[in-house]
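Subject: Structure handover

Hi,

Here is the structure I promised to pass on. Please open it first, then read the notes below.

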Amino acid sequence: MISMEVDQVDGQSNTSTLGKCLDELKYSRLIHTLGRESVESLRGSKALIFGCRGLGAEIAKNLVLSGIGGIGLVDDGAISMLDLGANFLLQEGDVGQNRALCTAKLLRDLNPDASVEVIPYFDAEAYLKNYNVVIATHGTIPFLVHLNQVCRSCSIPFITSCARGVFASVFADFGDQFLVKDETGETPGNVVIESITQDFPATVTVVEEQRLGLADGDEVVFHGIRGMEELNESGPVTVSVTGSYSFTILIDTRKFGRYTSGGYFHKVKASKTVKFLPLEAALLAPKFGVYNPEKLQHIPDIHVAFQAVDAFERINRPESLFSNPIAIKDDEIEDILLLARQAARETTIATGSECTTMVRGFSDEKQNATGLILKVDQQVNGIDPEAYGEMSNGQNKDNNILSDEQIAEADKNIGQVKTKCAEIDENLIKVVALGAHVELCPIVAITGGVAAQEAIKAVTGVFMPLNQWLYVDAIECLPPSAPGFQERSASGSRYDSQLALFGRNLQEKLGYGQWLVVGAGGIGCEVMKNLVLMGIGCSPNGSIIVTDMDNVSKPNMTNQILYQVDDLGRSKTPSASRALRRINPAAQVRALHVKFGSETENIFDSSFFDSISGVFSAVDTSSSRLYLDARCVAYRKPMIDGGKHGTRGSVQVFIPYLSEMYASTRDPPEHKEIPICTLKNFPYATEHTLQWAVEIFETLFKQRPDDVNAYLSNRDFQESIKKSTTPARQNILEMLRDALVKYRPLSFDACVEWARLQFEDLFSNSIKQICYNFPVDMKTTAGAPFWSGTKRLPRALSFDPEDLLHMDFIVAAANLQATVYGLKGCQDQRHFMQILEKFQVPEFKPKDFGVLTLLNGSSMSPYGARCWTQIVKVPRKRKWQFFQQDQITYQQSMCQGHSILQVI
């Protein structure tokens, strides 16, 4: 055993990060998913992890990337070659050294903001009170029961997770009174009100473009209502849903003012208190979360198999707590089965309403009817198990969602049953036992993600925790018959865990594989990390080809493990390639900094596809998936696709002639088409302002350079645009005139002045023009107020240099303009103030030709001919440079400023 003093890695003080300013850009994706309060809670929290083999390393990695304030590692074991097959933080030179110390060294590089300390096992209990959650991935059941009891006495949430071959478990105990602040973690959006009746009960109608998102009994809060302002002060109000776009409230609005316009409501999210059983009790009376309804019947067998293996190891392998397990031999299986039968007799399995289904990481109590199917009863109170199996995922045989009445009836029938799990599947127990000594990289990656998510729930109170056991397996991956002794005998390599289950022949095939990975983002990094840990493409004739045209940016730091701070601004694929070779020096990685698309078919041609084994799709749009899918179908190559959105994720496998193609089942549209009149003049939802900001950015800093470069390189440019409509042609000519003549900057000062004019035009003049065309007292042809419903009367902004949001816009716009023209940028606020104080903004004069609306169509500028006369006088010189995404951070600042200012 290796012992050590408490070691603070790199000499960093063990201070909380809570006092530090939150890096908005770095943690932007986490803030969007969890909320600012939860991210701050994570930054002020610490997790203690027992065990630093593959599973412990995965959990630690996930928590560190998620911004947790500190990690404590407890593992007195020494590193073996076997550890290198699952712990990506270890290297061959670490063999023989302490597992926790070597894991901690690279763990901190993933997030320098987090403190990482190593604690010796014999001192661990003394340090428990310094941590907010404890996670154990090593230890016998008696040790885990004791640790759980100590955590309970200190009111510390406890999680234990274990990976054995193709099986794994996660258990959570957050105490007797754990407060869940938010069951779903989804921010309740503001829903736009269309009308409110003066009645009792009053009927509230919302605009058709928005989802109601309510059920009877939900509570809502109103705000921003005009005319019937009394509702703004009413507080939470209970609703009764009457239709897809309407509900009633038990408030007599007949005595209120008449509703005129405006207003939103949002759903009130209620907290919930959850009680957990301690581990000792939960072992005997388990409640299971289910990730795959088709495997419901196997869960009790896996539960008792894990207990039997643990008991056998305690009796026959009394080694150090953190030593690597020893394989169970064929002649020891009978002892395992005997222990499994004993565990089954002592275990009470709950059914019906006491079993819940795991959905997106929280328990969905709506699907109580998917309770555990027990083989001990061939029929449960008149319900045929085979017929009930058709409903195991909350659906009936016709693939329709079960009604509330069907679910209630099923729960009524099966919820009464509690039974001893007396019968066991001996073949399944045997499979668990024979692979119990190994950790497989893909299994620990999945299980580590689940366990880390439970830890995040524990410290934030967001999302419903696991109740209380979750077992996962990939038994279908095992060969039909176990490989022979020579095939699976250890060779002293990092791949011995895989040899033990799959044999040497398969491992050699994996090594010679040649796989294309499209996308080096969050999913792509995880995929490649797992590939090299498994040895895929790591033989001399194998390869992993990764292509991605993006550069590393700050938001990538929270979910893309192959990049570190030093990689910021660099191309993703070479950085990823270097990290992969550090994980496994045998990795054969070819990095391409190109987009996978129609423009690169000369690279990814028929000879390329003939040379590869398959494709991993890690792209982030359905259009990219469709193109990739079409190429794989054309060349008959398998495609494995992964996608994620917040806490949701999916994996799909497409194999020629064995499965449908991706295009067979189209994803829903990623973005609903927004009418241009709504987007430009009458936005009423946040997504409208975001889309408007993106379009403004694209027009000014992408389309404008494109059009100018097309003009500069094409002497027949005027002829080429004649096919465009007259308004479009005149808009192009005006833009060229402004870009080449009127607002062409010769210095950075001119860029600042241009940015100030853009502010005035976007947030003041255009608003004044709308209000000029549609006065506040304007009526529709039906006599109703024009500014009502989804049409919100806008307010023009007056530029204020003391307003940080206003100045952020000016700084971002000026620097982007300078980038387009190849001028040196500046961020000195004093320099900006000096320029702005001297610059005179022209006074607004309303135009009589109107704006683009549903009422009067598109307006037309009268200056097209004069624009062309001025443009042709400009000499045709070099092209402008294009603004590249991720070169600088002004793009995000610009779009955020646009969006927020439009809302204001």
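Does Glu-40 count as buried, partly exposed or exposed? Glu-40 is partly exposed, because its relative accessibility is 23% and the buried class ends under 20%. Keep in mind that this is a predicted model.

Salt bridges

The search over the whole structure turned up 31 salt bridges. In general, side chains of opposite charge can pair when their charged atoms come close. Here are some of the pairs.

Glu-40 has Arg-43 as a partner. Their side chains meet in a salt bridge, 2.9 Å from N to O. Both residues sit in helix H2, which covers residues 36-43. They are three residues apart there, so about one helical turn separates them. Arg-43 is buried, at a relative accessible area of 4%.

Arg-152 pairs with Asp-176. The closest N and O atoms of this salt bridge are 3.2 Å apart. Arg-152 belongs to helix H6 (residues 141-153), while Asp-176 is in the loop between strand E7 (167-173) and strand E8 (178-180). The pair therefore ties together parts that are 24 residues apart in sequence. Arg-152 is partly exposed, with 24% relative accessibility. Asp-176 is partly exposed too, at 37%.

Lys-457 and Glu-454 form another salt bridge, with 2.6 Å from N to O. They are three residues apart in helix H13 (residues 441-460), so the separation is about one helical turn. Lys-457 counts as buried, at 0% relative accessibility. Glu-454 is buried as well, with a relative accessible area of 1%.

There is also a network of salt bridges. It links Arg-53, Asp-75, Asp-83 and Arg-99.

Helix packing

Helix H25 (residues 748-773) packs against helix H26 (residues 804-821). The angle is about 125°, and the axes are 8 Å apart. What does that angle make of the pair? The crossing of H25 and H26 is right-handed.

Surface patch

Which residues form a nonpolar patch on the surface? They are Val-651, Val-653, Ile-655 and Leu-658. Together they have about 410 Å² of accessible area. Val-651 lies in strand E27, which spans residues 648-654. Val-651 is exposed, with a relative accessible area of 67%.

Best wishes

Methods
Residues numbered from 1 in each chain as written. Predicted model: local features only at pLDDT ≥ 70, side-chain atom pairs only at ≥ 80, totals over all residues. Heavy atoms only, no water. Patch = residues over 30% accessible without salt bridge, like charges linked within 9 Å, V, L, I, M, F, W, Y side chains within 5 Å. Areas by Shrake-Rupley, 256 points an atom, 1.4 Å probe, with all protein chains shown as cover. Salt bridge = Lys/Arg side-chain N within 4 Å of Asp/Glu carboxyl O. Helix = DSSP H or I, 4+ residues; strand = E, 2+ residues; numbered from the N terminus. Buried < 20%, exposed > 50% of the residue type's maximum accessible area, 1.4 Å probe, protein only. Axes fitted to C-alpha atoms, helices over the stretch in contact; angles between N-to-C directions. Left-handed = near helix turned anticlockwise from the far one by under 90°.
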